[in-house]
Amino acid sequence: MAILEFCQWLQETHVGTSIRESTLLFPVLEGSHLLGLGVSAGTIAISDMRMMGLIFKKQKATDVMGGLLPFTIAGFVFMMITGALLFWSEPIKCYESIWFRLKVLFLILAGANAAIFHLTIWRTMDRWADQLPPPAGARWAGFMSLLLWGLVIAAGRTTAYNI
Amino acid sequence: MVEFLLGLAYRFIWHPMLPFFEWSDNSFVGSYIRSKTWVFPVIETIHILALTVLLAGTIVINLRMMRLMMRTQTISGLSGELNPFINWSVGIMLTTGAALYSSEALKCFDNPAFQFKMFFLFLALVFHYTWYRSTIKVNQTTLSKGWTVGVLSLILWFAVGWGGRGIGFI
């Protein structure tokens with residue numbers, strides 16, 4: 001029950017309460033979190049589609065991913081900060097929500113998929129940057145990434161409804 | 001002055017559309033969505049997934065025009081690849097948006113966030129399929145034009161997004 005106790009403590013903190021009871025801050029945070037999807041999940045979707053050989057086929061995979069990666073990373077940092085603040089404002093609600101728990105699960109799986117990709121197939125990307133279709137490992141990683149981030153978004157949206 | 005113009009717009013453009021909003025509210029689509037609790041969330045989730053693709057596509061093209069990203073690619077090269085995805089996303093968002101709207105059309109009619117969103121959606125679509133479309137067909141553009149068109153596009157689409165988020169709050 002340590003997590004629940006942590007959430008209860010978090011709920012009563014000054015920061016959490018201020019965000020939760022604010023007129024402007026919570027809507028602005030939530031709106032930013034939503035619109036940040038374009039830079040984070042959106043650029044990842046473009047990379048994933050190149051990994052699957054569905055877009056930018058004439059460009060090297062290394063060029064596409066290299067060009068997008070700094071923005072993808074910045075986008076995800078932004079999402080983590082806004083997401084953490086949103087969680088901080090309603091930790092109990094999130095803790096008790098099955099949809100939020102599913103979102104966390106999908107986030108972990110998406111992260112694991114990215115980690116596996118970076119530890120394996122990404123290391124040899126120079127060799128298959130021109131290859132069409134890309135190797136099976138890249139296509140699989142791209143597909144799983146699209147699926148898992150889509151599930152993260154769906155679970156996140158449902159969290160707002162069915163808490 | 002702004003209030004005066006907004007008042008005119010409300011009187012001569014928005015208010016005359018009330019019969020259409022009433023018809024939408026009573027439509028089969030609207031009634032069906034209201035009748036089952038899970039339908040609205042599913043349609044809205046699709047709306048948000050399409051939003052992610054639309055924003056990603058336009059942001060990449062705009063940042064390229066502003067020379068902040070993907071400078072090794074031509075503008076026309078990027079837009080050629082991304083346009084199908086952007087256009088499909090616009091189509092999906094308009095369709096899912098129409099469905100969501102018809103499930104609560106009369107509420108939307110009185111909602112200032114919805115009015116704000118529709119105003120900017122109109123501007124964004126007109127801009128996107130006229131001046132923007134010709135601008136992104138070129139290989140290169142001047143920095144000033146790239147920034148003007150790119151920033152304008154970002155402002156318009158983000159205004160639509162913020163308006164959309166505001167609908168639930170007001």
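Predicted model: local features only at pLDDT ≥ 70, side-chain atom pairs only at ≥ 80, totals over all residues.
Colleague: How many helices and strands does chain B have?
Modeller: Read along the sequence, chain B follows the pattern α-α-α-α-α-α-α-α-α. Its C-alpha trace spans about 50 × 45 × 25 Å along the principal axes. The count for chain B is 9 helices and 0 strands.

Colleague: What percentage of the residues in chain B is buried?
Modeller: A residue counts as buried if 20 or more other C-beta atoms lie within 10 Å of its own. Chain B has 170 residues, and the buried part of them is 32%.

Colleague: Which element gives the largest share of the side of chain B that touches chain A?
Modeller: In this interface, 20 residues of chain B are in contact with 24 residues of chain A. Two elements of chain B give two or more residues to that side, helix H4 (39–65) and helix H9 (143–169). By class, the side has 13 nonpolar, 4 polar and 3 charged residues. The largest share, 11 residues, comes from H4(B).

Colleague: Are H4(A) and H4(B) roughly parallel or roughly perpendicular?
Modeller: The axes of H4(A) and H4(B) come within 8 Å and cross at roughly 85°. Angles of 65 to 115 degrees count as roughly perpendicular. Therefore H4(A) stands to H4(B) as roughly perpendicular.

Colleague: How many charged residues are in the contact of H4(A) with H4(B)?
Modeller: From H4(A) come A:Ala41, A:Gly42, A:Thr43, A:Ala45 and A:Ile46, and they meet residues of H4(B) including B:Thr52, B:Leu55 and B:Val60. By class, this contact has 8 nonpolar and 3 polar residues, and the number of charged residues is given as no charged residues.

Colleague: Which element gives the largest share of the largest nonpolar core?
Modeller: That core has 52 residues. Those with the most contacts inside it include A:Trp149 and A:Ile153 from chain A, and B:Leu55 and B:Ala56 from chain B. A second, separate core of 7 residues includes B:Ile33 and B:Phe114.

Colleague: Which residue of chain B does B:Leu55 touch, not counting residues up to four places away in sequence?
Modeller: With that exclusion, B:Leu55 touches A:Leu35, A:Leu37, A:Gly38 and A:Gly42 in chain A. The partner from chain B is B:Trp157.

Colleague: Where is confidence lowest in chain A?
Modeller: The mean pLDDT of chain A is 94, and 99% of its residues reach 70 or more. Confidence is highest in helix H4 (residues 41–51) of chain A, at 97. It is lowest, at a mean of 93, in helix H8 (residues 125–128) of chain A.

Methods. Residues numbered from 1 in each chain as written. Chains lettered and ligands numbered in written order. Helix = DSSP H or I, 4+ residues; strand = E, 2+ residues; numbered from the N terminus. Buried ≥ 20, exposed ≤ 12 C-beta atoms within 10 Å, placed from the backbone. Contact = placed C-beta atoms within 7 Å. Nonpolar A, V, L, I, M, F, W, Y, C, P; charged D, E, K, R; others polar. pLDDT = per-residue confidence, 0-100. Axes fitted to C-alpha atoms, helices over the stretch in contact; angles between N-to-C directions. Parallel < 35°, antiparallel > 145°, perpendicular 65-115°, else oblique. Core = buried A, V, L, I, M, F, W, Y, C linked by C-beta atoms within 7 Å.
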